[in-house]
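The structure is shown first.

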Amino acid sequence: MKGTETGAKCSQLRREGSTRNVHAEHGEQAGVHNPARIPETDNTNATEPRNGLLEKIVSRDNMNEAFKRVKASKGSHGIDGMSVDELLQYLRENGETIQQSILDGTYRPNPVRRVEIPKENGKKRNLGIPTVVDRVIQQAIAQILTPIYEKQFSGNSFGFRPKRSAHGAIRRSQENIQEGYKYVVDMDLEKYFDTVNQSKLVEVLTRTIKDGRVISLIHKYLKAGVVVKHKFEDTEIGVPQGGNLSPILSNIMLNELDKELESRGHRSVRYADDLLIFCKSRRSAERTLTNILPFIEEKLFLKVNREKTVVDEARKVKFLGFSFYAKKGEIRVRIHPKSMAKMRAKVKELTSRSNGVGNEQRAEKLRRYIMGWINYYKIADMKSLLQSTDEWMRRRIRMIFWKQWKRVKTKFKKLQTLGIHKQKAWEYANTRKGYWRISNSPILSKSLGNNGSVSTLV
């Protein structure tokens, strides 16, 4: 590989931690299905033709494309400390070596770096950040596997797939409810990424992937381990959430559930590990939940959170931040109240005077967040909601200016500059009303209106 060859000899960590030899065989678990074992030698399937699936993965074009995607997505460093900006030069020097080690079966992925992300409920989500080199290799694997598995994936699956999105999942759900499936099983898979049974996943992979060297490489990533506070831990179960390979492995595993639901005649919509099963009556939904639990827990070895898994009317369920309602016999989409509360909390944070950022930086952050939020929720009915939110947000911005002016003389001068009569300006400059109350006064609404200074912020 030359130029932007991707893949790197990362078996020796540059700055912290160390790699460990991970055998290609999967560990057996008591009571767990034991698929065909993977050879323990480094040279897995040595007789595999030289134009096999692994060769496609490490081909120059595929690896270059993988490098471009990793470069574009940026992201944090792994345990070796190498940044995305350092990646190109490193691959130019080591690309061919790592490519050959993958083909030989001697490549050893590095453990991932554990990062904890706060969740809405106060708990934390574990993310595993691979090294940038391993991200390139994982991306190269995913690029080759995606077109193979896209032919197998269910039409009811919408997460992490080409030309599919959360909007598609919501539209499909809307259609199901409109056709009379007004009750749902809102399935919650407990810590899905952390509890995936690796043996079962390998078994599912071997049904389609016949190049054992690819299975071995994927299994090495599953068993690579994690570094938590500079301490190495084994990963006997689960798929590290945060790597480029995790989304497609997640879909491959849960496609088993999608197909099982289809074979039983159920309507369902799944986005990653968020799943709704649609039924025409509450009794039918309860029966469906009872009947599908053994398959999920005894066949796929996944854990179902019984407390969070509920049977309810579809209009009462929050799905991907949206909810549904009926208007004149038509099922429509709106933003769930919890999603609104989360957005307002974020805007409060961004418009806080004590967050240590200047007005221009605050304006840019607020603009980016609002544009992204609207783009995601644009399929929902929210015209009046946006109007009221806009008024509230602008009032908060007026409050920021009023606080920043502080002194009476400054307020007096600023109000006059903005066209307020001298007498009124002096009257309001000396007011003892609170910041929030004064931000909604006619004087500030006029002087800091949408076409005034405040407009530069939004």
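Y377 has a relative accessible area of 9% and is buried. The model is a predicted one, and this value is computed from it. W373 is likewise buried, at 9% relative accessibility. Both values are under the 20% limit, so W373 and Y377 are classed as buried.

## The pairs around Y377

Aromatic pairs are described in two terms: how far apart the ring centres are and what angle the planes make. Seven aromatic pairs are found in the whole structure. One of them joins W373 and Y377, which are tilted at 45° between the planes, with 4.9 Å from centre to centre. Helix α12 spans residues 359–377, and W373 and Y377 are four residues apart in it, so about one helical turn separates them.

Y377 also pairs with Y376. Here the arrangement is edge-to-face, with 90° between the planes and a centre-to-centre distance of 4.7 Å. How accessible is Y376? Y376 is partly exposed, with a relative accessible area of 29%.

## The cluster

Which residues are linked by ring pairs into a cluster? The cluster consists of F322, W373, Y376 and Y377.

## Charges over rings

Two positions have a charged side chain over a ring face. R164 lies over the face of F158, 4.8 Å from the ring centre. K280 is placed over the face of Y181, at 5.1 Å from the centre of that ring.

Note on methods
Residues are numbered from 1 along each chain as its sequence is written. This is a predicted model: local features need pLDDT of at least 70, side-chain atom pairs count only at pLDDT 80 or more; totals for chains, interfaces and linings use all residues. Side-chain values use heavy atoms; hydrogens and water are left out. Rings of Phe, Tyr and Trp (its six-membered ring) pair if their centres lie within 6.5 Å; planes under 30 degrees apart count as stacked, over 60 as edge-to-face and the rest as tilted. Helices (H or I, at least four residues) and strands (E, at least two) are DSSP runs, numbered from the N terminus. Buried means under 20% relative accessible area, exposed over 50%, partly exposed in between (1.4 Å probe, protein chains only). A charge sits over a ring if NZ of Lys or CZ of Arg is within 6 Å of the ring centre and within 35 degrees of the ring normal.
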